[in-house]
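Work through these exercises with the model open beside you. Try each task before you read its solution.

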Amino acid sequence: MRVPYQYRMYKRRVFYACGFVIAISLSLVAWKIFSSYIDRENIAREQSRTFVHAIEAHVFHSLQLIDLSLLGFSNALGLLPPAEQVSVDAIKRLLSSNGSLARSDYWVLFIDANGRGVAASNDLSVAGTDYSDRDYFRVHKANGAAKAAYVGEPDFGRVSRKRVFFLSRRVEDAAGRFLGVIAAPIEASRIASMFRHARFRDDVVIKLVHENGKTIASAPSFEENFTKDARHASHRGPEKPTMSTIYSALVSHGAGKPASASRPIDGLPLIVTVEVFPEGNYQALITDIKAGGLIILVVIALAVTTAHFAITSVDAVTRSRAAILKAERDVEIRVTQRTANLHDANRRLQDEVEERKEAAERLTLFEKCLAQLSDMVMITESYPLTSGGPRIIFVNNAFERQTGYDSDDVLGRTPRILQGPRTDRAELSRIRDCVARHEALKAELINYRKDGSEYWVEMEIVPVRDKNGECTQFVSIQRDITDRKSALDLIWKQANIDSLTGLPNRQMFTAHFGHQIKSVARSGGRLALMFLDLDSFKEINDVYGHDTGDLLLQEAGNRLKACIRDCDFVGRIGGDEFTILLTDLASNSGIERVAQEILAVMSRPFQLHQHTVFISASIGVTLCPDDSSVPGDLFKNADQAMYVAKSRGRNQYVYFDQQMQEQAQTKMRTASDLRTALSRGEFELYYQPIVNLANGHVEKAEALIRWKHPEKGMISPATFIPLAEDTGTIVSIGDWVFGEAARTVAAWRSRYRPDFQVSINVSPVQFKNSGIPHKKWVATLESLGTTGDGIVVEITERLLLDVEDSVRRQLLMLREAGMKMSLDDFGTGYSSLSYLKKLNIDFIKIDQSFVSALAMDSEDMILCEAMIAMAHKLGLKVVAEGIETAAQCSLLRTIGCDFGQGYHFSKPVRASLFEELLQSHSALMA
Ligand SMILES: Nc1nc2c(ncn2[C@@H]2O[C@H](COP(=O)(O)OP(=O)(O)OP(=O)(O)O)[C@@H](O)[C@H]2O)c(=O)[nH]1
């Protein structure tokens, strides 16, 4: 835009006017500042002149007083008699007596004609001090004619060591001969102090200068300036200064400076100078300049503002015209640009439409493929990661089929709809973390179908990225792995869980127990292991059936679980045996409370099907680490303690103790000896006669085994037979017994009675596993040339309780070999008459417990009679055991008992002795 010429001229004129006003103002202010500065300097100079007069008068007055005193001394010394003029004492007396003249701020001393100190008016010892080099001494000595006072140059006092200058006078005798010098050393600091107080401004300097230029006193900086040459450097010459040169040196030094004034002290070689330094004036000058500057600024501002207002009105019109022109040009440019942008955008849009079309086609293809996949596919957005997670934007057919959700059900919702109570929260949080980091991941989870049923899913989640690498979606490919999981679960359960009770089995319990022991070893603390075995559980199976037994075991497991805390552990380790692990024990009272509670809950009736069943339990308890920290040992301990509980009458708990261990060890050693006893020939069969009560003949014998231990001597069968049964040695022992008994009966049959019979006790254990070596036994009999009926096999009711097909088969085979069967301890246990018949039992043996208390019409008598009658009815013969008296024998015979056995007839005796009995044919009837 072009600015019109008139407008430019107008503006120029306004600028010139403005500049003129500013220039005038500047000149006026400068002139004012300069004239003020000169005025202030003149005033200061005047002030210093007046002031130097006052100071000079003051110093002069002070020195005049001292000089008066010196004059007095000088006269008095001159008038002393000649003898006293050289007497130190006389002079000392004179100086100190003249107190009226002496002032406290100075003192006087007398120096003799040789320059040696004689005496002083105060206590200073000046006598003998050499003052001959002092200027005032030399002046007075040389100028004999001049009697005027002289001021010596400033220096440090010879005796006082203070900064002093000397006012002095020549002393002459009446004849005008030089006697010496009387001098007053004046402390320059006093003069300086007076100057200091007299200064009316900080920039004022006052000095007292000696005619030789040395400074005597000054304020400020007294000590630094003392004795320094006060003259200006240009006025210091080699020639001796005179009063007039020093004066001009000082004055000219001050000349040109705004405020310096000097004045000589009348009649003395001293000058007083007062200098008023220009700093104050400079300060004022600077203040004036600042104020002037401010005024100038204000003037400039006013001028500029006025100029601005003057031209803006014209300017505004011009500008708005210019702005309109500019705006027109801008619009033109923008329209051109916008058109170009629109072209670009249009082109991009077309490209995008093409791209989208291609993408849509690709997407349709992918969707078709995804729909056909058998794996579930779910695509979600990539955000948000909070509030339930990203929304689902696609699911395939497989997803709809497997989950029961239609795509309409899930689109726009989050994958959370698939989760439920058993979905692993930790796994979910791991998935969330990976997704937040846009990482691919694999996971296994429990998901829930629309109908609420759960299924295991194996999933792989992969982030989808755009061309800039930004994550835009997640694709989740999922596969139902419920079957695989179930199979694994089943395997795990089979390996670790007891299928009947759902409790941990032996394997899992042992593993857990091992961990707990380690943890106790690390962190301290105690564990209690309980071994629980149900009492006589076998009977429940036998009486109510195996199914009921199973139910009881399940219920027992539930009751045990209810007795323990969450931190404790219960397992079923087999049959009717349970283990309980108590952790976190503070004291034994906790263990006892649990043990008592278990016994109490076990003794409560079990309602199983239609039966009400009662049972009890025996518990062995061992403590870790008190008893041991070895899992195997602890199991053994608890087992031993449990057996002790059983042996003490059941339904109780027993703590393991060391004695049990020892007993167990003894048992183990005995069991070990038992294995070799047979080969070492330590067994022997004893025979106890069985007498026909009707005729008193010894027709049978019971073979009873004895073990002669090489160290321990005779060991009772009651001790070693259970051990032999436990260890299985009973099988070979039983075999040996049969062989021995067969040989004996064969011999005795041939020698004494062809119908003689020997009974052997056969343990139920011998019927287990491979069973009785039936063929071998038959072969033995054949080899001995005897028949089977010479052997009576005594079995116990225990065997009948456990009777299985195999047992029955074996018994029948023995029978077929001609052997007879006898049922031992009849009436003491669970006797089933049907078995007596089924197994073709030949004899029953009435237990000695019935015989021992036998009396006419007693209950035992009635029982024995009933048993005998019943046996006879079944075609069985009866043997009464434990007959000790003739009365018992007689009673039994009265009620028809067939045979008798007991101490009344004979103890069990060695075969040789028994043979003697047979030989004697003696009747043993009482
Ligand atoms: N019903 C049932 N019985 C079982 C199961 N496992 C083992 N048994 C039986 O449980 C019984 C365990 O008997 P034991 O503990 O030896 O003897 P008990 O009769 O309990 O006698 P004591 O232990 O001496 O008091 C045996 O008869 C086994 O056959 C089972 O799973 N179910």
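**Exercise 1: The annotated span**

UniProt, in an unreviewed entry, lists residues 14-34 as "transmembrane region". Its positions follow the numbering used here, feature names are shortened, and annotations may be inferred rather than shown by experiment. Residues are numbered from 1 along each chain as its sequence is written. The model is predicted: local features need pLDDT of at least 70, side-chain atom pairs count only at pLDDT 80 or more, and totals for chains, interfaces and linings use all residues.

Task: find how much of residues 14-34 is helix and how much is strand.

Solution. Start with the terms: helices (H or I, at least four residues) and strands (E, at least two) are DSSP runs, numbered from the N terminus. The span is 100% helix and 0% strand. Then take its ends: their C-alpha atoms lie 31 Å apart.

**Exercise 2: One serine**

Task: decide why Ser 260 counts as buried.

Solution. Next, recall the cut-offs: buried means 20 or more other C-beta atoms within 10 Å of the residue's own, exposed means 12 or fewer, and partly exposed lies in between, with C-beta atoms placed from the backbone. Ser 260 is buried because 23 other C-beta atoms lie within 10 Å. Last, look along the chain: Val 52 is 208 residues away, yet the two C-alpha atoms are separated by 9.2 Å.

**Exercise 3: Around the ligand**

Task: state which element gives the most residues to the shell around the ligand.

Solution. Count the shell: 15 residues surround the ligand (C-beta atom, placed from the backbone, within 6 Å of it). The closest are Asp 535, Phe 537, Lys 538, Gly 549 and Gly 575. Two or more residues come from each of β15 (527-534), α14 (537-544) and α15 (546-563). Of the elements, α15 gives the most, with four residues.

**Exercise 4: The cores**

Solution. A nonpolar core is a set of buried Ala, Val, Leu, Ile, Met, Phe, Trp, Tyr and Cys residues joined through C-beta atoms within 7 Å. The largest has 71 residues; Ile 846 and Val 878 are among those with the most contacts inside it. A second, separate core has 59 residues, including Phe 73 and Leu 77.

Terms used
A residue is near a molecule or strand if its C-beta atom, placed from the backbone, lies within 6 Å of it.
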